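Please read them with the structure open beside you.

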Amino acid sequence: MKKFLLLTAFCILLSACAPQATATQSPIEMEVLAPPTAQTVTPLTSGEPLPLTVMTHSSFAISEGALAAFEQANNVKVTFLNGGDVGEALNKAILSKDAPLADVFYGVDNTFLSRALEAGIFEAYASPALANVPAEFRLDPENRATPVDYGDVCINYDRAFFAKNELPVPTTLGDLIRPEYNGMLVVENPATSSPGLAFLLATVAHFGEPGYLDFWRSLRANGLVVVNDWETAYYTNFSASSGRGPQTMVVSYATSPAAEVIYSEVVIEQSPSASILGPQTCFRQIEFVGILAGTRQRAAAERFVDFMLSLTFQEDLPLQMFVLPVDPFAILPDSFYQFNEYPTDPAILAPDVIAANRDRWIQEWTDAVLR
Amino acid sequence: MLTITNISKHYEGQPLLQGVSFTVHAGETICLLGASGSGKSTLLRIIAGLEPPEAGRVLWDSADLAPIPPHARDFGLVFQDYALFPHLTVFENVAFGLRMRVHSPLRLFPSLRGGRFSRRSNPRANEEIASQKALAMTDGQGEKNSKTELAKRVAEALELVNLSGFGARRVTDLSGGEQQRVALARALAPRPRLLMFDEPLGALDRSLKEELLDELRAILHRTRIPAIYVTHDQEEAFAIADRILLLHEGVIVREGSPAQVWNDPQSAWAARFLGVGNVVDGKVFQVSSSTFQVKTDFGIFEMECGHRHAEGEEVALLLKPSARGARIKARVDEALFRRDQFKVRLGGGLVILMDEAPEIGSEISVAFRVECLGHA
Amino acid sequence: MRQRFSESASQRVSDSTPRRFADSLIRLPSAVRSLHSAFFLLPSLLFLLLFFFLPLARILSLSLDASVLTSANFQTASHVLRFTLYQAALSTLLTFLLGLPSAFLFARFDFRGKPLLRALTAVPFMLPTVVVAAGFNALLGPRGWLTLLLSSLRNTQHATADALPFVGTLTAILLAHVFYNTSIVIRIVGAALTHLDPRLEQAARTLGADSFRVWTRLTLPLLRGPLLASGLLVFLFDFSSFGVILLLGGPQFSTLETEIYIQAMRLLNLPMAALLSIIQLLCTLAVSILYERVVARTLVPTTPKPSTARPPKSLRERAFVFGLSFLLFTFFVLPLISIPLRSLARTEADRGQRDEVQYGLTFDYYSELFVNRRHSVFYVPPAEAARNSLTYAIATVLLSLALGFPAAAALKRQTVFSKFIDPFLILPLGASAVTLGLGYLITFNQPLIIGHWSLITSPLIVPLAHTVIALPFVIRVLQPALASIPERLRHAAASLGASPLRVWQTVDWPIVSRALLAASTFAFTVSLGEFGAASLLARPDLPTLPLAIARFLSQPGGLNYGQAMAMSTILMLVTLLGILLIEKIRLSGSEEF
């Protein structure tokens, strides 16, 4: 999903972009297709727009149109703060909770949710729009954190490489430790990267304790490559990305193959990569938004949470951040059906289990894999 | 036996040494005497191998030393300001050269040693090699032997310079004279085949200098190590040298025993530098078959000359007070007390030594022997 | 920016101590003098108490929490400590491997381009770590010049698979450390070697020592002091290196500094970070004390004529001089020149760019710095990061001069009081920037004034931290300069009828102004390049230039990488300008800073 955001604006600016792109694949077309806002809202003030600050992670993106629609309808001026990786951004929010840097925090996911809730950085807000959100996403019964989107962290592989070498694609996590895949997998450090943490949780869910550590030790023996962040793993190490790196499998997202098509330098019919979607191979991340405790813009913050659950934003999400909307009525772009497949049996861990063990698992993983 | 032939060297574009040649014979101490900056030290450094000459050769027993690095030449060098190793004790300073001869990886190989370090013709070679062997033995017993041998040799060297019992002292705690003795002991201890002294007493006061000079002469005499002594001080030179080489403008202008050099400096520069007598300028006035007549401010002198001169040529004459000789009358300008004599300056610039001071302003008559020094 | 410079200044202060001490005795009763200097020292002391010692005390108390002192934590800490020591020792060793021959080269030989080469080796000393990391990345990284070369040789269209394994390896860390610290060895050992009496070596040679044994038996033992001093200094910098490890090392290379950062900012385990900070502090303190002792006991026999350098003569010497100077030139120029070259070269498409890509020379990466792209990683144009850094740096200069000038003036005459207080002013040198950042995080995260203002979220926090880092340097630069103002000149001027203001203008100001300029430049460059504290403290909406570079470096697409290089180029040039300025002031003045 995420981080595929950077240069959408470029396509808008660079004239030569559009002619080569087909209607359904072009982000420009998607902007046009974005449905008009269905909400009937009244502006919060009539004078100067209210300032609203939203703190988020570096992968956050929103289309200009969607944001402008929100700002106009509510007479609010939104400023975004980039806090870095999800974990880092959340920690900054926690460390500054007595004098919050922002009014809204978006991007905390189910792997970190407990940390945010325990730190008490959010004020409860039950958005009326939650009615449309399935119960499986609503992990905080007190509604301090509101689910916005979800995505699956999966292993992506280089199609061309496996085809050319007539190598069978691994179907389970257990396959990865087979010698024919020696040195082919790059993962992110769970201590510094949220997809890395999600994948660690997938292995915990799949192998249990202490089996997951045996699995990781075997992976390590099988030439596992660990890097600190997703950008490096995907764009530097992964062979099917623009970086054409040395590793043919990477921990990324189920939506990454579609992103490869959309961001390809030339028009392609098929993604160079695909996800391994076997049972319990992926981990489902759910992202939440919350109103930061102590905000002085409570009303505008509520409107922003409502907006994130609106169809405008829910349908804007996929192509901006490559995540899936929690609203089942939101319509996905065609490319998400054309180039992506989705896991039917992702690994899931209960939030309280994650909360109780996350830091220990990271530490054990560090000792087993890095030291 | 050391022979150097036609050594030349420039310093910052100026000629420093111009074809210097001489030989040092077994057991002989020669002294290079010359003004500061005359290239004496450079010559020593060339002999030691610390600097290459631009032309000429340094030979030991007719073997060219050019390919031999300084550490394999086996020459001792004593520096003016001692160059003691400040991080080592007196003992370790003196032992330094001995240790270098024992443990050097290069010298563990006899072939290399023979090739690079040819001392077969050294008369002391056999004795020396036996001694080195004793130092070099490395088995348990031998190590003990080598240690005692080393201590013995260091003690000998320290005794030689009257510093017995100073071994454990730090060199930085010693006086100037003591430091100079340590430097001497350090150079002596490995029993080098040649010793070189670069103004070794320059930094010491007069009485200490004389004392050390006596000791040094005695040591050189006793050890029979040939030596080259470099100084600008003629008293030092006369005191220590078997033979003196006067170095002037990169050329050896006079060579001989102290008495020969003193009595017959053979050039105006040498006579002036040594302060032998009165050097007077004159003009050749008349040339006959074997004698010249030279006109000076003090009269016309007739003499024999080693050189041939043409009429009208400017020459320098040496006027030495002498019982027999030409008498010159002059007024006494000045009489200065000079230890047990008086230095008397006469009109026209002549200087003589007298036992009793004459009256200033009086006119006296002094007999001079007049010698020809050649070109002015 | 790292912490340098302190030693020579500190030695200088004591030079004329007796005279100044006597002066002070004559002029005022010492009790009054002490009060007088205490008054001027007060601002600095209060500042350090609040912004250095208090955070340090908070770290200490946090680290003594029972929940931290578990065996698992100790195991982690000991593993991290072991690796920190290991990489520091290895880096120091390699630094000496290059530094010793280089020191010898500069001390003993004259050759063409020597001043340039010497200046070149000194440049990394002051460069921000992000610039060094960017330099090595631009040269050897997956998108660096070497990779581009290999790719074009293999005809594989810029594949990172062609990259030699560099970024994320121990080699990268070691190479960057050597790059950084070789100049310490060259400066300290080279100076000693230049002043070493050459006759000692000649004496040893005539005594039968070959060149190898001249080194082992004489030169190295004589240089023991400078060797140890530079070794400890290099070790200290390698030990507390942060940016290099974070940006060039991989996840498996965790040193105390980076682990403090990860524990605090990624795992939110502040007590564990505090424990690591305490270990780090104790280690640097131990090394610093050792260093002070070594420096105090250093004795090198010197020659009255310091220059023993000469042109190389033999073939071996010429080969040595040519080979080593070529190696040094390559090693020090390539990473630095790679940055500006990379910032002007388009070698890959921007992300999502589908039109014809114009490879080759481009100025886009610079012009793009001023463009605010809604979807860029910061939601501000990168140029704003430069503006933030500039603002922080100016604030740091003003603050550290305001505090440091009175303190230096008070310390210029040694009194019992100032002697006692001096170490406290210098102590912040020992704490790493990351530790400082951590201390601030746990100390200032409560609201200071009722309502919504807290120091930790105020833009002030970064210049405050930078001032703590810069203040010891500022004092050390100003103090000897102020002390060097000759009293006699002042008296002479006064006796000739000059008013106090005139006296100050004609006697004091020329010296003071130069010292102030040097101190400001120093504080400015320290703040501009500082990475460790800023990475913990900078507000997300007010990133600094080094933070922006670090973040842009890892982003996909030619534009991000190019912008990272463009920003690095700017930062490098500004820092170089600062270095030049300091050098110029240093050279033009009689007083050495």
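1. B:Asn6 sits in strand S1 (residues 2–11) of chain B. Helices (H or I, at least four residues) and strands (E, at least two) are DSSP runs, numbered from the N terminus. The phi angle of B:Asn6 is positive, near 55°, and the residue is not glycine. B:Asn6 counts as partly exposed because it has 13 C-beta neighbours inside 10 Å. On this scale a residue is buried if 20 or more other C-beta atoms lie within 10 Å of its own, exposed if 12 or fewer, and partly exposed in between, with C-beta atoms placed from the backbone.

2. This is a predicted model, in which local features need pLDDT of at least 70, side-chain atom pairs count only at pLDDT 80 or more, and totals for chains, interfaces and linings use all residues. Residues are numbered from 1 along each chain as its sequence is written, while chains are lettered from A and ligands numbered from 1 in the order in which they are written.

3. B:Asp61 also has a positive phi, near 50°, in a residue other than glycine. B:Asp61 belongs to the loop between strand S4 (55–60) and strand S5 (63–64) of chain B. Its 13 C-beta neighbours inside 10 Å are why B:Asp61 counts as partly exposed.

4. Chain B touches chain C through 21 residues from chain B and 17 residues from chain C. Contact here means that the C-beta atoms of two residues, placed from the backbone, lie within 7 Å. On the chain B side, strand S6 (75–78) and helix H2 (90–103) each supply at least two residues. The largest share of that side, 4 residues, comes from H2(B).

5. Chain A has 15 helices and 11 strands. Of its 371 residues, 58% count as buried.

6. Which residues of helix H4 (residues 64–74) of chain A are buried? They are A:Ala66, A:Ala69, A:Phe70 and A:Asn74. These residues cover an arc of only 100° around the axis, so they lie on the same side of H4(A); the arc is that of the directions from the helix axis to the C-beta atoms. The face turned away from the buried side of H4(A) carries the exposed residues A:Ala68 and A:Gln72. Strand S2 (76–82), helix H12 (298–309) and helix H13 (311–321) of chain A are among what covers the buried residues of H4(A). After H4(A) comes A:Asn75, with a positive phi near 55°.

7. A:Glu209 and A:Pro210 are joined by a cis peptide bond, with omega about -5°. A:Pro210 lies in the loop between helix H8 (194–207) and helix H9 (211–221) of chain A.
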